[in-house]
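Please look through the sequence and the model below before reading on.

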Amino acid sequence: MGAVMTGMAMHGGCLPVGGTFLIFSDYMRAAIRLAAMSRAHVVYSFSHDSVGLGEDGPTHQPIEHIMSLRAMPGLRTIRPADANECAQAWEIAVNADGPTALLLTRQKVPVLEGTATPGRVRKGAYVLLDADGTPDIVLVGTGSEVHVCVEAARLLTADGLRTRVVSMPSWELFADQDPAYRQSVFPPGVPTLAVEAGCSLGWERYADASVSIDTFGASAPGAEVLARFGFTAENVARRARELVTGGSQ
């Protein structure tokens, strides 16, 4: 499928879109890499992008795949948080040159206040929920974990911690922004906790610690698996408090 998409794109006259579970990007990797080298205008719609897919278990639950795709030169990856970000991501994929990988969740996620503002996904990362004054902690999430960050921020705010939530759908698009904008999103000296249902490798670029997964998953209903690996508002808030106070990371 990946090879055929590249051939169609290079021939011209259409925009090829192919879809499968994110875990199966492994089977497509050589074709994706060729598309990236060729700047082929294709869109990969990768669904079931985390351990939240549930009972299919570790064989179908991607762990390293998000970072693996981010590591590929010339490939634009976007992991939207909700329907609004997804619509913006599709607009980018359709109008931009080169290949785009959309990393989409199976879970039901809420539509978040503030994601409908046009152009936010194009920035790669943006402040979704801000503190009153300089934040004590920044929570940065992607995809289906952004709403967990929002819920955790409410708990932390109730504890008196000024909390900023950043939605970061695309590392590549964020890297294209000027340094002043990047620093406005992640203020120097403010502790940052990343929340993403994938491996921790790479998050040291933006965060001081992460709620992440560095093992294979488990077979259980999606919500149970996510809770087991710590993707709950309560656990994110706990990890954030530890980071602010200098406790265990």
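Leaving aside its neighbours within four places in sequence, which residues is M168 in contact with? With contact meaning heavy atoms within 4.5 Å, the residues that M168 touches are G124, A125, V140, G141, T142, F174, F186, W203 and Y206. Before going further, note that this is a predicted model, in which local features need pLDDT of at least 70 and side-chain atom pairs count only at pLDDT 80 or more, while totals for chains, interfaces and linings use all residues. Residues are numbered from 1 along each chain as its sequence is written, and side-chain values use heavy atoms, with hydrogens and water left out.

M168 belongs to the largest nonpolar core, which has 51 residues and in which L139, M168 and F186 have the most contacts. Such a core is a set of buried Ala, Val, Leu, Ile, Met, Phe, Trp, Tyr and Cys residues joined through side-chain atoms within 4.5 Å, where buried means under 20% relative accessible area, exposed over 50%, and partly exposed in between, for a 1.4 Å probe and protein chains only. Helix α5, residues 146–158, gives the most to this core, with seven residues; helices (H or I, at least four residues) and strands (E, at least two) are DSSP runs numbered from the N terminus. In soluble globular proteins, nonpolar side chains tend to be buried together.

Helix α5 also holds R154, which counts as exposed because its relative accessibility is 56%. The C-alpha atoms of R154 and A233 are 8.9 Å apart in space, although the two residues are 79 apart in sequence.

Next come the charged pairs. Taking a salt bridge as a side-chain nitrogen of Lys or Arg within 4 Å of a carboxyl oxygen of Asp or Glu, the count comes to nine. In one of them, D49 pairs with R79, with the closest N and O atoms 2.7 Å apart; D49 sits in the loop between β2 (43–47) and α3 (65–70), and R79 in the loop between β3 (76–78) and α4 (83–95), so that the pair links distant parts of the chain, 30 residues apart. Both D49 and R79 are buried.

E196 and R70 also meet through their side chains, at 2.7 Å from N to O. Because E196 lies in the loop between β8 (192–195) and β9 (209–211) and R70 in helix α3, this pair ties together parts that are 126 residues apart in sequence. E196 is buried, with a relative accessible area of 1%, and R70 counts as buried at 11% relative accessibility.

A further salt bridge joins R164 and D130 at 2.9 Å, N to O. R164 lies in strand β7 (residues 163–167) and D130 in the loop between β5 (126–129) and β6 (137–141), so this pair ties together parts 34 residues apart in sequence. R164 counts as buried at 9% relative accessibility, whereas D130, at 43%, counts as partly exposed. Elsewhere, salt bridges that share partners join R39, R76 and D97 into one network.

Finally, consider helix α9. This helix, residues 233–245, has 13 residues and reaches 18 Å from its first C-alpha to its last, close to the 18 Å expected at 1.5 Å a residue, the expected span being 1.5 Å times one less than the number of residues. Its buried residues include A233, N235, V236, A237, R239, A240 and L243, and what covers the buried residues of α9 includes β6, α5, β8 and β9. Just after α9, G246 takes a positive phi of about 85 degrees.
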